[in-house]
Amino acid sequence: MTKPVLTGLAIAVAAALALFVFWPAQDTAQQSAETSPLPAAELPTEIVTPVAGFTDFQPDVPRHGSSLFGELKYAPDFTHFDYVNPTAPKGGLLRYAVFGSFDSLNNFVVRSEAVAGIGFIYDTLMTQSFDEAASEYGLLAESVRHPADYSSATYVLRQDARWHDGEPVTPADVIWTIETLKAQHPFYTAYYANVIAAEQTGPREVTFRFNQTGNRELPQIVGQFPVLPKHYWTGTDAKGRPRDISLTTLEPPLGSGPYRVGTVAPGQHITYERVEDYWGRDLPVNVGANNFDRIRFTYFRDTTVAFEAFKGGQIDLRIENSARNWATEYDIPAVRRGDIKRDSLPSLNPQGMQSFAFNLRRDKFKDIRVRRAFNYAFDYEWVNKTLFHGQYTRSGSYFANSEMAATGVPDGRELEILETVRALVPPEVFTETYANPATDGSGNNRANLRRATELFAEAGWVVKDGKLIHTASGEQMSVEFLIDDPTFERVVAPYRQSLERLGMVVRIRPVDSAQYQRRTDERNFDIIVRSFGQSISPGNEQREYWGCAAAEQEGSRNVIGICDPAIEKLVDRVIFAENRTELVAAVKALDRVLLHGHYVVPQWYLATTRVAYWSRLRHPERMPPYSIGFPAIWWHEGAEAADETP
């Protein structure tokens, strides 16, 4: 289960703001931070049955929350989440740096660059707890219920829920939102593919009906989308023109959340202002949250300039995704004085696959031996030692740092599941442990390059006069790495040298974020850097990562273009798993088949988040295990020290 969009401060930034409002993440040196993976014994594994709130669970009884992992931690009368500071002061300006530009305050348009943080203005039906693996509690909704077969889910809205213009949030808003988002954006189309109807079934009640039974996630994930005001989007703007949610706009949208849009300078910065009379400010899920009076996102085109702005006190917090910076760039007076603090905050979340991702729509990448050869040409050990000061672990799973990562050779329930697709997968799925090629880190990668040459030859690519030529077409192998972060060139450059030694023509094409988004949406690329983030409870989102329908849909998260009948079947096994044991086995099977498909060249991960911040910011002493909670549960002390100018 992956969140479709972060839609409020109650759903905070995770994995270095990767999902702030512009998913999927475009990672640089990995969004999470420095530690080794946690041992399996420390990972949550206890959850088995879909029980929520009571040991005598009755699915059709309204509940204040829902969980995929057993009983809810918080009772109906809870006053606040344990990890927040319920007396955190309100006030101050939080300043955060983002990269690129933006051309729209409407984040539901595929071909646009939505502004950072726009999700802060919206509420969802439910909001997640950061100290439970997959539990959600009522926000716009006061209760949820579903039948035992998971064929529908019914939410009752809170009577006091209001839009910022004072109008009540109604079932009509919820129904219009899900119908519009499904028609409007490929993510919602895929994520809510099994939601066939949303109906008003009471004065404040909405029932979602599903076209299948047994999909345990559906009742919960329909509580995750940002609810939009129907009367606003079907109305007219200040000039009397009809609004159109399918178009970009710089008109500040109407929301119901804890913040509203303040000042906007297109492509430069945006400030959100806390709503003093926010209808949900006293709800238990919001106590100790939404503490900043204003949150400003300032856009930078150059990462070095952004870093200098942070060191100079113009930016308040930096999630450090550069190992080199973390190791070498913080020996400055502000750190030595204690004005800047540095934390490595651990996480129990799985670390999804960060990778060089191939575009399988290109004929040259369709042969699995070609894709394997590219992995042999990547000298990860040298990169980690030389560029990253040995801080990272090589990714060897799409679900690293979790019990769901495939290890060894399949056995038990995982083997039984794989037997159902045996005829559709490579035989080595059953006989070989997946392992990335390795080197000694010296920079001498000759043995692996020889193996890469052999694989290319098996696929019909041979070296002639120093050029890697296809024996049938006479075409020379050429590839382009499309990147939108110039700092990543230092990783791609040595990789290019290895590939050129094999006889390829290799280009590195840095583009701005708008071009990058457009080209990836349109599938106009050879190789990109892409992360596939995962949660502790994978589910319906796997269809959009790996499904055939998503492969054909512009702007979906299946950027690779995977369409494989075995993967389709295994994704269904994940979605319809009846308990935790079955889910883990199904995810391991899916992970193993993805790995043996060699769809990416794996990069690296860490299981903590590196955060540097000025000491005027505070976070709770006891941080939750599944999120760093920024900015939701952080607060500002000494607000007068913040520069109020853009």
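**Figure 1. Buried residues of helix α1.** In this predicted model, the residues of α1 that are buried comprise Pro171, Asp173, Val174, Ile175, Trp176, Thr177, Ile178, Thr180, Leu181 and Gln184. Helix α1 is thus mostly covered, with 10 of its 14 residues buried. These buried residues pack against the strands β6 (152-157), β7 (195-202) and β8 (205-210), and against the helices α2 (186-191) and α4 (230-233).

**Figure 2. Length of helix α1.** Helix α1 covers residues 171-184, and at 1.5 Å a residue its 14 residues should span 20 Å. The C-alpha atoms at its ends lie 20 Å apart, which agrees with this expectation.

**Figure 3. Packing of helices α8 and α12.** Two packed helices are described by the angle between their axes and by the distance between the axes. Helix α8 (residues 368-377) packs with helix α12 (residues 446-458) at an angle of about 170 degrees, and their axes are 8 Å apart. Angles over 145 degrees count as roughly antiparallel, and α8 and α12 are therefore roughly antiparallel to each other. Their crossing is left-handed. On the α8 side, the contact is made by Arg369, Val370, Arg372, Ala373, Phe374, Tyr376 and Ala377; on the α12 side, by Asn448, Leu449, Arg451, Ala452, Leu455, Phe456 and Glu458.

**Figure 4. The disulfide of Cys548 and Cys563.** A disulfide is a covalent bond between the sulfur atoms of two cysteines. The count here comes to one disulfide. The sulfur atoms of Cys548 and Cys563 are 2.0 Å apart, and their link is right-handed, with 95 degrees about the S-S bond. Cys548 lies in helix α16 (residues 548-551) and Cys563 in the loop between α16 and α17 (565-575), so the pair ties together parts that are 15 residues apart in sequence.

Terms used
Residues are numbered from 1 along each chain as its sequence is written. This is a predicted model: local features need pLDDT of at least 70, side-chain atom pairs count only at pLDDT 80 or more; totals for chains, interfaces and linings use all residues. Side-chain values use heavy atoms; hydrogens and water are left out. A disulfide is a pair of cysteine sulfur atoms within 2.5 Å. Helices (H or I, at least four residues) and strands (E, at least two) are DSSP runs, numbered from the N terminus. The expected span of a helix is 1.5 Å times one less than its number of residues. Buried means under 20% relative accessible area, exposed over 50%, partly exposed in between (1.4 Å probe, protein chains only). Contact means heavy atoms within 4.5 Å. Axes are lines fitted to C-alpha atoms, for helices over the stretch in contact, and angles run from 0 to 180 degrees between N-to-C directions. Angles under 35 degrees count as roughly parallel, over 145 as roughly antiparallel, 65 to 115 as roughly perpendicular and the rest as oblique. A crossing is left-handed if the near helix is turned anticlockwise from the far one by less than a right angle, and right-handed if clockwise.
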